[in-house]
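Morning, everyone. Have the chain up on your screens, please, and follow along with me.

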Amino acid sequence: LLHAIMPHSFVIHSHPLDIIRETVIVDNYKNISKLMSGFKWTIVDYIKPGEELAREVFYKIKNKDIDVVILSNHGLIVGGDNATEVLQKHGAIIKRFSKRSRKEKKIDSQKIIETQSLLIKKTSMNWRMPRFELIHSLATDDWSFKLATMNPLYPDHLVFCDKLACCINYEDLDNISEIKLVNKKYLIIKNIGVFLNSKSSLATEEMLEAQAYINLSIPKETMVKTLSNIECSDLQSWDAEKYRLELMKKRESS
C-alpha cells in the first residue's frame, strides 16, 4: 500500500543508514532540508509501517509535486517516470547524506578470546564472535555503547535484534548467572566486544553491523529519537513483522 499510493511508474523504498541517522537526531530538520536542496521532497514523522504510514504519506503528497519522501526513523521513498531516473535520484540523495564516522577502536584480541572462553564456562552456552569486526565498536566506543543501551532507533533493528540489548561491564561477569541471558541473542561487554549465541542469525549480525555504523556516525552526546515502548510493542505484535521474521529464519535454514 505504501508503494502503491506513490503516483509514479517506478518507486524505490530503501533503508539507507545515513538517512536514518539524520532523521533520528532531534531538531535536525534544518540540516536535512539543506541536504535535500533541489529535490521535490517531504518528510514524515515516524509512524508504524503499513496502513498507518501509507495513509500519512498519502496526505503528505496529495495534490503536490513531490517525488521523494523521507521517513523518520525508517528510510526513503523515491518515485519517477523510469527506472534510470529513479536509480540516479536515489543514488544522488544517498551520496549527499554520506558522512565520515568516528574510527572504531582496535579490539584487544587476546582479551576478547579470554572473555569468550570465560562466558562459555560460566553460562554453559555457546558464544561466538560476529563475522563483522565493526560490530565490536558497540562495545569499544563509549557513545555507541550508550546508544546501544537505549530503545531501538528504527524498526528493522527491533525486529531482528529485539528491543533491548544486554549491555554489561566486564566486572559483571562475576555475577553473570544472575543476568537473564536465556532469550538474548547477543551480549555487549563494555570495552571488550560483542558476543552472539545460537539464537542469533545472519540477519541479527547484519542489523548489528548497521547499528554500529549508525552509532559511530552520530556525534557524541547528540539527542536522539528512539522508538517508544508503545511503538516497540506495536511492531512486535504486528503479524506482518512476525511473518517477515519467519521468512528470514526459513531462508537461513535452507
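Start at one residue pair. Ile188 stands opposite Val194 in β7. Keep in mind that this is a predicted model.

Now widen the view. How many bridges join strand β6 to β7? Four, and β6, residues 186-189, runs antiparallel to β7.

Next, the whole sheet. It is open, with three strands in the order β5-β6-β7. The pairing is mixed. Which strands stand at the edges? They are β5, residues 166-168, and β7, residues 193-196. Each has a single partner strand, so one side of each is left without a neighbour in the sheet. On average, neighbouring strands of this sheet are turned by 20° against each other, direction ignored.

What lies across β6 and β7? Helix α5, residues 109-123. Its run is at about 35° to β7.

Last stop: a pair of helices. In general, two packed helices are described by the angle between their axes and the distance between the axes. Take α1, residues 17-24, and α9, residues 202-217. Their axes come within 10 Å and cross at roughly 50°. That angle is why α1 counts as oblique to α9. The crossing of α1 past α9 is right-handed.

Who makes the contact? From α1, it is Leu17, Asp18, Ile20 and Arg21. From α9, it is Ala210, Tyr213, Ile214 and Ser217. Sort the residues of this α1 and α9 contact, and you get five nonpolar, one polar and two charged.

That's my tour. Over to you.

How values were computed:
Residues numbered from 1 in each chain as written. Predicted model: local features only at pLDDT ≥ 70, side-chain atom pairs only at ≥ 80, totals over all residues. Heavy atoms only, no water. Axes fitted to C-alpha atoms, helices over the stretch in contact; angles between N-to-C directions. Helix = DSSP H or I, 4+ residues; strand = E, 2+ residues; numbered from the N terminus. Parallel < 35°, antiparallel > 145°, perpendicular 65-115°, else oblique. Left-handed = near helix turned anticlockwise from the far one by under 90°. Contact = heavy atoms within 4.5 Å. Nonpolar A, V, L, I, M, F, W, Y, C, P; charged D, E, K, R; others polar. Pairing = 2+ DSSP bridges.
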